[in-house]
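Me: Hi! Could you walk me through this one with me? I have the sequence and the structure open.

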Amino acid sequence: MSSASMAACFNYENSPKQTNKGDKKDNNLNIMDAVAMHRPQSASSRQDEELMQKSTRALSSTTDPLEKLRLMCLSRGAVGILGLGRVFRRMDDDGSKQLNKDEFINGIRKSGVELSNEDAEELFERFDTDKSGSVSLDEFLMKIRPPMSESRRAIIEQAFKKLDKSGDGLITVADIRNVYSVNSHPRYMSGEETADQVLTKFLGNFETEGTADGRVTLEEFMNYYSAIGVSIDNDCYFDLMMRQAYKL
């Protein structure tokens with residue numbers, strides 16, 4: 001981000017805010033503020049709908065296999081790339097972080113993405129740079145993620161570290177129990193759900209249906225926000241959204 005852009009962000013971020021007299025500073029994040037401000041969006045949300053429509057339109061004019069795969073994932077919304085990543089991670093049984101051609105193509109099929117065999121094979125050959133017959137899982141997943149500026153990556157990582165209280169590289173209910181206040185959540189207030197149930201559902205929003213395990217990795221966190229960022233053109237607004245949501 002240029003110096004001028006950083007200055008603009010600083011001015012935008014530090015503009016006067018309306019406060020009520022007698023308000024006390026609350027260091028805990030309000031779960032409802034988080035849900036309203038930045039939670040992984042449902043298909044009915046405006047931001048996710050915009051992402052899906054934009055990606056679907058772009059698909060019709062793209063011929064590059066990597067861009068096709070990326071847009072196919074994004075046309076499913078912010079969780080599309082999360083789902084692809086989880087499928088591939090589950091296939092890496094030996095933890096080598098390498099996939100052969102059959103595993104690579106089967107992974108794409110299992111994710112439900114309708115990429116042709118020809119495109120899938122071309123994609124594999126592109127990533128198998130040393131012609132060893134396998135591709136790096138980490139490199140592939142990093143390349144499939146929509147490009148982001150360094151400033152966006154930094155603010156996402158900062159937010160992740162704030163939630164990862166244990167510092168083990170995973171966000172769990174135990175981590176966010178003392179970070180988020182659920183007192184204003186309707187289902188908690190009505191007694192329909194416990195605090196942990198509310199928090200577990202919140203974390204589940206960052207994961208794909210059928211693969212949720214209550215643990216969010218930095219990769220999943222980064223993948224989600226890289227997808228959401230596609231529909232946010234302005235780096236300053238993205239930065240402000242993250243700072244306000246996480247009180248950074």
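**Backbone and rings**

Reply: Happy to. Let's begin at Lys247, which lies in the segment after helix H14 (235-246). Bear in mind that this is a predicted model.

Me: Okay, is Lys247 buried, exposed or partly exposed, and what is its relative accessible area?

Reply: Lys247 has a relative accessible area of 41%, so it is partly exposed.

Me: What about phi of Lys247?

Reply: Phi is near 50 degrees there, a positive value in a residue other than glycine. As background, most residues other than glycine have a negative phi.

Me: Which other residue has a positive phi although it is not a glycine?

Reply: Lys97 has one, with a phi of about 60 degrees. You'll find Lys97 in the loop between helix H5 (80-91) and strand S2 (98-100). Its relative accessibility is 40%, so Lys97 counts as partly exposed.

Me: What is Lys97 in contact with, if we leave aside neighbours within four places in sequence?

Reply: Arg89 and Asp92, and also Val135, Ser136, Leu137 and Asp138.

Me: And how far is Lys97 from Ser134?

Reply: From C-alpha to C-alpha, the two are 9.7 Å apart in space, and 37 residues separate them in sequence.

Me: Changing topic: how many aromatic pairs are there?

Reply: The structure holds ten. Take Tyr224 and Tyr225: their ring centres are 4.7 Å apart and the planes are at 70 degrees, so this pair is edge-to-face.

Me: Are those two tyrosines, Tyr224 and Tyr225, buried or exposed?

Reply: Both Tyr224 and Tyr225 are buried.

Me: Which residues do ring pairs link into a cluster with them?

Reply: Tyr224 and Tyr225 are joined in the cluster by Phe160, Phe221, Phe238 and Tyr246.

Me: Nice. What lies over the face of Phe238?

Reply: Arg152 does, at 4.6 Å from the ring centre.

Me: Last topic, the largest nonpolar core. Which residues touch the most other members?

Reply: Phe221, Tyr225 and Tyr246 do, in a core of 59 residues. Those three also belong to the cluster of ring pairs.

Me: Where does this core lie relative to domain 1 and domain 2?

Reply: Between them, because domain 1 (45-144) and domain 2 (150-246) both give residues to the core. In general, nonpolar side chains in soluble globular proteins tend to be buried together.

How values were computed. Residues numbered from 1 in each chain as written. Predicted model: local features only at pLDDT ≥ 70, side-chain atom pairs only at ≥ 80, totals over all residues. Heavy atoms only, no water. Helix = DSSP H or I, 4+ residues; strand = E, 2+ residues; numbered from the N terminus. Buried < 20%, exposed > 50% of the residue type's maximum accessible area, 1.4 Å probe, protein only. Contact = heavy atoms within 4.5 Å. Phe/Tyr/Trp six-rings, centres within 6.5 Å; stacked < 30°, edge-to-face > 60°. Lys NZ or Arg CZ within 6 Å of the ring centre and 35° of its normal. Core = buried A, V, L, I, M, F, W, Y, C linked by side-chain atoms within 4.5 Å. Domains from an automatic or database assignment.
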